[in-house]
2 protein chains.
Amino acid sequence: MNGQPPERVTPVILSGGAGTRLWPLSRLGRPKPLVRLTAPESMLQLTALRTADPATFAAPIVVTNADDADAVAGQLEDIGVTPASLIVEPVARGTAAAIALAALEAGDEVLLLVMPSDHEIADPDAFRAVVDKARIAARQDWLVTFGVTPHRPETGYGYIKRGEALRAGVFRAAHFAEKPPLELAIAYLAEGSYAWNAGIFLFRAGAYLDALDAHAPDILRAARAATDGRTRDGIRVMPDSDAFARAPNESIDRAVMEKADRVAVAPADMGWSDIGSWEALHAIGDKDADGNVVSGDVVTPGSSGCLVRTDGPVVAALGVTDLVIVATERAVLVMPRAESQRVKEAIEALHARNRGETQ
Amino acid sequence: MNGQPPERVTPVILSGGAGTRLWPLSRLGRPKPLVRLTAPESMLQLTALRTADPATFAAPIVVTNADDADAVAGQLEDIGVTPASLIVEPVARGTAAAIALAALEAGDEVLLLVMPSDHEIADPDAFRAVVDKARIAARQDWLVTFGVTPHRPETGYGYIKRGEALRAGVFRAAHFAEKPPLELAIAYLAEGSYAWNAGIFLFRAGAYLDALDAHAPDILRAARAATDGRTRDGIRVMPDSDAFARAPNESIDRAVMEKADRVAVAPADMGWSDIGSWEALHAIGDKDADGNVVSGDVVTPGSSGCLVRTDGPVVAALGVTDLVIVATERAVLVMPRAESQRVKEAIEALHARNRGETQ
């Protein structure tokens, strides 16, 4: 090897929140990161394993909430990953504050790779290649966002327009755009310089904290006070609850990325999906000859184009087309696959009946 | 009251067999008669309650099998019905032999009303009126079959053509016809003198045994030997197993009704259904404003024309049309309502996967 090995990066894995879009598989008490969606491993485990190579990555800092902390710790232990810290948020205050806790825990000079814990990345080599490019820019105090190459005019994501090239594979971020209407999304896709904002970031901890100080000082102040007042139990870090509760609830995008100067985007064509719907899970899943994606004790005679999953009762889908059928021991969902963004209507209807089995 | 009260009739309730057509609600270990399909009571309970009026009916003789005997006894006890006898068939040998056991148990002079235990009769007054007409003919040693007035060209039932009128509401049976192809079923319906053979009979026990002696003597011989060798435990009657096993396995229709001379048909327009499919259960069920028939913890936002049932997990059917969705703790079935006769394909597919949860 010539010279210094490249600097290691500390993964920051955000595993909070529940998400209703994959109900009934995900629900209160079993949030999406902890569910096995695409593999025998949960999304959290896949995220941790994706950044487990010790040549590139240090032990991760994991940020979660009190409800999920035991399950998160247990799932990581099951795959042999020991976090450097497991930060237990006393209350959810958005990603800007959560990442501030991780940055303060890590120390200013550490490079942080911030990742949601419930995304699919089908091409880990492409992901690693982007990490390699981004960490050099991050060392130069760029706040680097991963910009996922769009393959469709998606209206459910924010977009980042890239500006001038900073170095190979890293560009100045010219503009952060909100979730666009369809016509604008089509224009972004055609224009070619827009990427999806996937919520994956690489930066020096101190550079992030400096930007927070400049653009959202209340968040930094609350996170710092919460960190000063933290208690520890092994790897678990419990920030001070009262102090942290004073942090404004904001996303990193809104608090920092849309405002800071040295923001870069690293285009990433890495088979990314946020698996934000059953339709999305069908799209990325292995299909049988009839276009069904099945998981668990399932039979599908005469059915086609369906997503059929169970981790509870055996499911027989007979002669049906383009449905989502998901069963657990507690709940069953049946709906047209193309309308899977409507799953909240099912949850609302159940709420109206006062069921406790949802969130 | 003038003169003698009419002679009482002894119900013979046949509660054997499993039936796969309402899987997964019915299955091995939970046959259709024991399931609550149309009411808080099971089909067996509804059948017993339909013939519980002591002014007209004596205590029933119930014929079941060893697997179901305890459940049958328990369900009858729950509604306050004490059978005269609970005959536990050592092995299934068809309805001709089962009814022979009941006839031998009852004694020659008793009038028997033989009924399957899993049929719906929506108009109990009409049913009672047919019983009243049929029992007079039965006392004159006619073997009376209940002929259900057809309302559609059903190809799944046998038909009985009526001949000359014997008395008010009772006709000589001119012809028993097998399940017809559709064109023939349409012709039967148009012709007007054909009725569905619902498997409900009223006759004197001795008249049935005489007809059996004439047309299926092997069945009578085996049933008689099994009865001679029976053991008793309270109301339970256990016929001799080896003797009964020698009975040919035949239906009462084939063994007796299609051959005997004094066979009559009593037309019955009584809201009858054998609930032979999920489609049939949807047809007779109470529909909401969207044409859904639901039962259990179910929500159906945006869905129409569906049958949705659960006695296990909560079910959300969202934006789907004309489906059958049935859930238990062990299995979930989803299929188009109009194809519900195909449920066996689901069971076969599960068998092919070696699931034990079916029959």
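1. Across the interface of chain B and chain A, the rule finds 0 salt bridges (a side-chain nitrogen of Lys or Arg within 4 Å of a carboxyl oxygen of Asp or Glu). The rule does find 12 residue pairs in polar contact there, both residues at pLDDT 80 or more; such a contact is a pair of N or O atoms within 3.5 Å, one able to donate a hydrogen and the other to accept it, and residues adjacent in sequence count only if both atoms are side-chain atoms.

2. This is a predicted model, in which local features need pLDDT of at least 70 and side-chain atom pairs count only at pLDDT 80 or more, while totals for chains, interfaces and linings use all residues. Residues are numbered from 1 along each chain as its sequence is written, chains are lettered from A in the order in which they are written, and side-chain values use heavy atoms, without hydrogens and water.

3. Contact (heavy atoms within 4.5 Å) involves 34 residues of chain A and 35 residues of chain B. The buried area, that is, the accessible area (1.4 Å probe) lost by both parts on being put together, is about 2,600 Å², with 69% given by carbon and sulfur atoms.

4. Strand β17 (residues 314-317) of chain A runs parallel to β19(B), joined by 4 bridges. In this pairing (at least two DSSP bridges), V315(A) stands opposite V332(B).

Notes
Buried area is the accessible area (1.4 Å probe) that two parts lose on being put together, summed over both. Helices (H or I, at least four residues) and strands (E, at least two) are DSSP runs, numbered from the N terminus.
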